[in-house]
Amino acid sequence: MKYVLVWWLILEAIGLLALPITFKLLRFLPSRGIGLSRQVGLLLSGYLFWLLVSLGLLQNTASSIFMVLLVVGGLSLWIWRREGAQIKTFLQGHRKDLLVGELLFFVALGGFAIFRAYDPNIAATEKPMEFAFINGILRSRTFPPKDPWLSGYAISYYYFGYVLAAMLTRLSGFPSDITFNLLGITLFALTVSGAYSLLYDLAQSFLQRQAPGKLSWRGAIAGTLGALLVALLGNLEGVFELIRAHGGGSPALWHWLDIKNLHQTPPSPTWYPSDPWWWWRASRVIHDKDVLGRSIEVIDEFPFFSFLLGDNHPHVLALPFCLLALSLSFNLLLSWRHGRRSSLVGEEGESTKGKRLFTVFGIGNLGEWLLWAILFGGLGFLNMWDFPVQLGVFVLAYASCLRRRGEHGWGWLFDALTFGLLLGLSSVVLYLPFYLSFRSQAAGIGLVGSIKTRLHQYLIMFGTFIFLVISFLLEIGGRYWRVEKQRRALPIEAQVLGAALVACFVVSLLRGWWTAALGFALAGAAATLWLWNEGTRRGEEAPFWEESTTFSLLLILVGILLTVVVEFIFLKDTFGTRMNTVFKFYYQAWLLLGIASAYGIFYLVQRFGHRGFWGKLSLGLWSAVLLLLLGSGLSYTVAALVSKAGGFQGEPTLDGTRYVAQYRRPDYLPIQWLRAHAKPDAILLEAPGGSYTEYNWVSAHTGIPTLLGWGGHELQWRGNYDVPSKREPDIARLYQGVNPQEAATLLNKYRIDYVYVGQLERNKYHLTPPMIRKFDRLLRRVYEAEGVIIFGR
């Protein structure tokens, strides 16, 4: 495991370089965000590296990476010289708390590395695509990087995460065969530590409010719960898999559940299902059908499924940075408590049209605003779907601060929207080189129509969180009603929003849209309680609700609405269904509801534990239900880990290309030859294939651009098939033609340096000896072994 140790040291070094910046940026959090310093370091150095290479000021080399790391370290050093004594005092006073977080990160990194070592293959699903991007970026001297599956064009996708992967690959000196899996392991560990850090801060903030100056081990327990619910918990589908594997359940049950293919699985000889892909069904719980009863594909991934699968896709690459964004939002909300004169939204009594932002780094408002814009803009570059969601949470936190300052009516809403618009525009401007070369398949908003999510499938997906959300809302709603009902009337904003959501709830009930009705009810309760609580008067203390509770309400509101909106509209794409919208919105909802639910457990235990016999009895009954739900979700986690790792049998390795070396050896050796000998700007001809096939593995493993890779994916990335459709017949003519002059014309047209003739090419184009020999008159055989020929100039 030397690879893991060296990789961990690199991540620690990047985190240490950014620690003073993180301390300053997240200065209102109880932990000062120390556990998120790795994310801050990666994001800042990655942004500087990408921007300077895109502008032509640097090249994509290891020396350039070290240079931008020195810049980040220099900024941290400057902050340390100004506030080093304060940072040092904090670190010394919180050694145990910080060590727990670091230990958790190390254990998560090492533990998941053991699992991945038994399932390392960069094969199946979209791993070849992601591998192609990383290798393509490593071969690109400038940005935007070359598309390895459409030569002559730049990558038209959210590729920032792959730039970060390539940076770490260069810093480590390891081959991408290894770092591909190290990247996935890192994403898991960063998500675990990020969720821990945020929940720790939520809990410690609550405890500080209850007993100022006193910290507690309960914060560490809450943090561990956050890591568990966000990164490790599975949905409830796993329980039904185990029931089915043991021969339980009736045909009526499986028909009612209607989870695709579950009813067809035979009993298993092992304690977990024997079907090697059984764990996949947990990501296809939502089963849409059209008016004719035909199945429509819908994706409902959740974080642990993604980590298990091992695809380093943008929604997974962005996950640790979403936790950083949420911590930044909570930090903003806490700025109100830590001395109103140092609040990020201005002093009490100060006009909101004036100076709002607290001076940071000694360079005025611009410094903090710039860091915010880099973070939120980076989310758009990592995974576009996360940008508006996380920006929305940040704006809601800002709005909450405005209301705590005493703003009423609708002025606070206008100010918050203006703030969000300006920050959103700033975030886009900072990443303008990406947007100028980006093409999208998005084609507007579509209406879902009569298709609606069935309530029982929704609860299989989110049942644990819904139970905790309902418990949390009932407790704080009842508490608020008992204490505050005589003191404060419901604000007009809450009345208007509440009436709108009640109307939506009633209509959904009348139409039989049970999932939407449940969502509107929960969102309405969260929104009303938030607005009611924040409806203070100028000069009046904020109500008894802690900022942690307020923040959790905001997460519930946004998370639930994300699951409701897909009942009515979706973003049009090449699939023409709501599949992708459900996928991306549910994924963000899992994160938000997971954080809020973990805090809800902490909060409810605190409240019930002080209510005497009946309170403790209620807590016991509630805990029994909770443990049943958590056990059900974790049953998927445990069974899937053992199943996916093949029972932890075989020889462990993190080499993701071992599969190719073992089962496609005729292709493995020429891939290594091309890696070693191909010219930096070479273009490769190989047979294109359909998405999710074993075609185009040569370009994927080398990063050498080929004329056309997975055509379906190019369609998704670019929104049209104009270029691929013209190349497909030319590729066929190149392989199948026997006229050397025609072949020479096409070779020159596409500037092809290497022609690959392997078994896939022979099978697809039914190659005959004359078809192959024509290349001998134009090129030379630079490699030939085991049925594979590489022709080169």
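Me: By relative accessibility, what does Phe648 count as?
Reply: Relative accessible area sorts residues like this: under 20% is buried, over 50% is exposed and in between is partly exposed, using a 1.4 Å probe and protein chains only. Phe648 comes out at 31% relative accessibility, so Phe648 counts as partly exposed.

Me: Before we go on, what kind of model is this?
Reply: Residues are numbered from 1 along each chain as its sequence is written, and side-chain values use heavy atoms, with hydrogens and water left out. Local features need pLDDT of at least 70, side-chain atom pairs count only at pLDDT 80 or more, and totals for chains, interfaces and linings use all residues, because the model is predicted.

Me: Back to Phe648: what is its phi?
Reply: Phe648 sits in the loop between α24 (612–644) and α25 (658–663); helices here are DSSP runs of H or I with at least four residues, strands are runs of E with at least two, and both are numbered from the N terminus. Most residues other than glycine have a negative phi. Phe648 isn't a glycine and has a positive phi, near 60 degrees.

Me: Which residue forms a salt bridge with Asp258?
Reply: Asp258 has a positive phi near 55 degrees and counts as buried because its relative accessibility is 14%. A salt bridge means a side-chain nitrogen of Lys or Arg within 4 Å of a carboxyl oxygen of Asp or Glu. The closest N and O atoms here are 3.2 Å apart, and the partner of Asp258 is Lys289.

Me: How many residues apart are Asp258 and Lys289?
Reply: Lys289 counts as partly exposed because its relative accessible area is 35%. Asp258 is in the loop between α11 (251–257) and β1 (288–289). Lys289 is in strand β1, and the pair links parts of the chain that are 31 residues apart.

Me: In which helix is the Lys644 that meets Asp119?
Reply: The side chains of Lys644 and Asp119 form a salt bridge at 2.5 Å, N to O. Asp119 is in the loop between α5 and α6, 525 residues from Lys644, which is in helix α24.

Me: Which residues are linked with Asp730 in a network of salt bridges?
Reply: Asp730 is buried because its relative accessibility is 4%, whereas Arg733 is partly exposed because its value is 37%. The two bridge with their closest N and O atoms 2.1 Å apart, and both lie in helix α29 (residues 722–736), three residues apart, about one turn of the helix. The network links Asp730 with Arg733, Glu742 and Lys749.

Me: Which element gives the most to the largest pocket's lining?
Reply: A pocket, on a 1 Å grid over the protein atoms alone, is an open set of points where a 1.4 Å probe fits, with protein on both sides within 12 Å along at least five of seven lines; lining residues have an atom within 4 Å of a point. The largest pocket is lined by 41 residues, with His313, Asn580, Phe583, Lys584 and Gln716 nearest its centre. Elements giving two or more residues to this lining are α12 (303–309), α16 (386–404), α23 (579–608) and α28 (711–718). The largest share, five residues, comes from α23.

Me: What is the volume of the second largest pocket?
Reply: Of its 30 lining residues, the closest to its centre are Tyr118, Asp119, Asn121, Lys644 and Tyr659, which include both partners of the Lys644 and Asp119 bridge. α6, α24 and α25 each supply at least two lining residues, and α25 gives the most, with four. Volume here is the space filled by probe spheres set on the grid points, which are joined across faces, edges and corners. For the second largest pocket, that comes to about 620 Å³.
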